[in-house]
Amino acid sequence: MRRKMFGGRPVVEFQTGLQRREFLRLAGIVGVGAGFVAGGVLSAPAAGAATVPGSRAAALAAIETSDLDILNYALTLEYLEADFYATGLQSGLLTDRELELVTPIGDHEQQHVDAVTAALTAFGGTPVAKPKITYPAGTFASRDSFLQTAAQFEELGVTAYHGKVPLIKDADVLAAAASIAGVESRHAAVIAALLQGDPFPAPVEKAASEEQVLAAVTPLIS
Amino acid sequence: MSNPFLLRQSRQDLVHGQLSSVAPATALGALNHRWALAAPGDFASDIDVLNYALTLEYLEAEFYRQGNSAGLLSGIEAQYLAQVGEDEQAHVTALTQTIQQLGGTPVEQPWVDFGDAFASRDSYLTTSVTFENVGVGAYLGAAGFIQDKTILAAAAGIFGVEARHAAVVAMLLGLPAEGGVYRGAFETPIEKAEVLAAVAPFLAPSQMAGGMPSGAPETGGGSTVSTDRSGLITAGSVAALAAAGVAAATVQRRRADRPAGVTESADVTGDGSSASV
């Protein structure tokens with residue numbers, strides 16, 4: 001069944017899906033026994049990846065260039081988010097329950113960076129470098145400005161992932177992206193609730209094109 | 001979980017048996033989120049997946065309809081849970097329309113019994129959190145079976161909203177951030193058999209005694225529609241129609257009173273101008 005997700009285009013195939021999955025598990029890219037379900041997640045990013053024989057790692061280059069591009073797109077956004085929370089949390093703007101709720105978000109974003117980087121490497125791609133990030137003046141001036149910017153980042157991240165879901169060709173890449181997107185949705189909802197905003201802006205997540213997303217983040221990166 | 005007797009036993013044990021004091025929420029919370037191979041035959045078609053999702057959404061929508069009518073909540077909690085309930089109803093509508101437009105037969109609404117879930121505010125919200133997290137895992141677990149990319153995108157969009165629900169209700173309960181509000185940096189898929197085991201306790205006895213009705217999740221729907229992809233254009237219009245149902249629900253919601261400070265911060269997909277950060 002999953003073969004159809006390649007759109008019939010020739011790919012370097014493992015003998016069985018299970019064999020491929022087993023390799024990905026060894027590479028720490030998907031969860032153990034994810035099997036037939038699109039359940040592979042980047043649950044153990046980076047761990048073990050370095051121990052994979054190079055010859056087998058090369059085989060993972062089977063995913064299409066467009067999927068590598070999507071992963072690098074995701075990586076850029078995750079770099080931004082991870083840096084944003086690291087900077088904001090260092091600023092000491094939050095306390096108590098808010099600090100407890102936002103601290104894991106920063107941890108998650110860094111785990112996403114690590115996992116997507118590991119996946120790109122394992123698939124034979126070249127992870128983009130972390131961009132130089134410049135935040136608008138006042139971004140970290142107050143609790144409100146920090147969280148309001150966070151809300152925009154999170155909603156942007158959610159819509160960015162959902163914009164790519166129908167374009168991803170590889171089932172494992174899809175599973176990984178979806179498993180990250182769900183967590184970004186949690187982040188977005190929590191931040192909105194902290195701001196007494198609307199944690200459920202629509203019954204179905206919206207999707208944004210890469211052009212829309214890049215238009216939003218380009219002013220921040222170089 | 002192909003044995004209805006086991007389902008009945010499960011329900012009796014967990015809801016009306018000796019363990020009733022820890023009933024519905026625990027029944028769901030007891031889910032083992034282990035990784036496991038799903039059977040390749042779990043879903044024969046996209047319609048099967050959609051009917052599986054519809055069954056879960058029916059359960060959720062009815063759960064919130066009853067829970068929100070129980071007078072357990074007030075203030076922002078009542079407002080949030082009302083929105084959650086509207087979302088689930090919108091999902092029911094969208095999935096039903098999509099299945100119909102694909103030529104399939106939507107499963108019927110199952111008979112449900114939520115046991116002691118509405119005994120208190122805490123039991124209601126606790127069951128809600130576990131329900132939502134099962135929904136998140138179910139959608140993720142089924143995503144790989146969806147062949148039509150348009151349907152996949154719609155299912156992913158619902159999946160994300162279920163994750164929002166889970167996080168916010170967990171917040172209301174004051175659950176720990178990690179492990180409560182969040183479930184790690186990556187969502188975890190749940191295979192079909194485990195999802196069905198989790199929701200089995202909520203299926204009413206009449207349903208169990210009389211065999212599984214068409215609305216039961218056991219078969220995932222009885223669709224006879226093949227996975228023929230010739231309807232790609234049709235599928236596109238289907239999604240548009242289903243989206244219209246969701247849009248209508250959204251409009252209705254936005255006309256309603258919203259909590260103070262509600263913003264349209266999510267409209268980053270609008271003209272792009274609001275997306276600058």
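Student: Leaving aside neighbours within four places in sequence, which residues is B:Glu57 in contact with?

Tutor: This is a predicted model, where local features need pLDDT of at least 70 and side-chain atom pairs count only at pLDDT 80 or more. Residues are numbered from 1 along each chain as its sequence is written. Contact means heavy atoms within 4.5 Å. On that basis, the partners of B:Glu57 are B:Glu88, B:His91, B:Val92, B:Leu95, B:Tyr139, B:Ile158 and B:Glu162.

Student: Is B:Glu57 buried or exposed?

Tutor: B:Glu57 lies in helix H3 of chain B. Buried means under 20% relative accessible area, exposed over 50%, partly exposed in between (1.4 Å probe, protein chains only). The relative accessibility of B:Glu57 is 0%, so this residue counts as buried.

Student: Are H3(B) and H6(B) roughly parallel or roughly antiparallel?

Tutor: H3 (residues 46–68) and H6 (residues 149–172) of chain B pack with axes 12 Å apart, at an angle of about 25 degrees. Angles under 35 degrees count as roughly parallel, over 145 as roughly antiparallel, 65 to 115 as roughly perpendicular and the rest as oblique. The two helices, H3(B) and H6(B), are therefore roughly parallel.

Student: Which residues of H6(B) meet H3(B)?

Tutor: The H3(B) side of the contact consists of B:Asp46, B:Leu50, B:Glu57 and B:Glu60. Facing them in H6(B) are B:Ile151, B:Ile158 and B:Glu162.

Student: How many of the 23 residues of H5(B) are buried?

Tutor: H5 of chain B covers residues 121–143 and reaches 33 Å from its first C-alpha to its last. H5(B) is largely enclosed by the rest of the structure, because the buried residues number 20 of the 23.

Terms used
Chains lettered and ligands numbered in written order. Heavy atoms only, no water. Axes fitted to C-alpha atoms, helices over the stretch in contact; angles between N-to-C directions. Helix = DSSP H or I, 4+ residues; strand = E, 2+ residues; numbered from the N terminus. Expected span 1.5 Å × (residues − 1).
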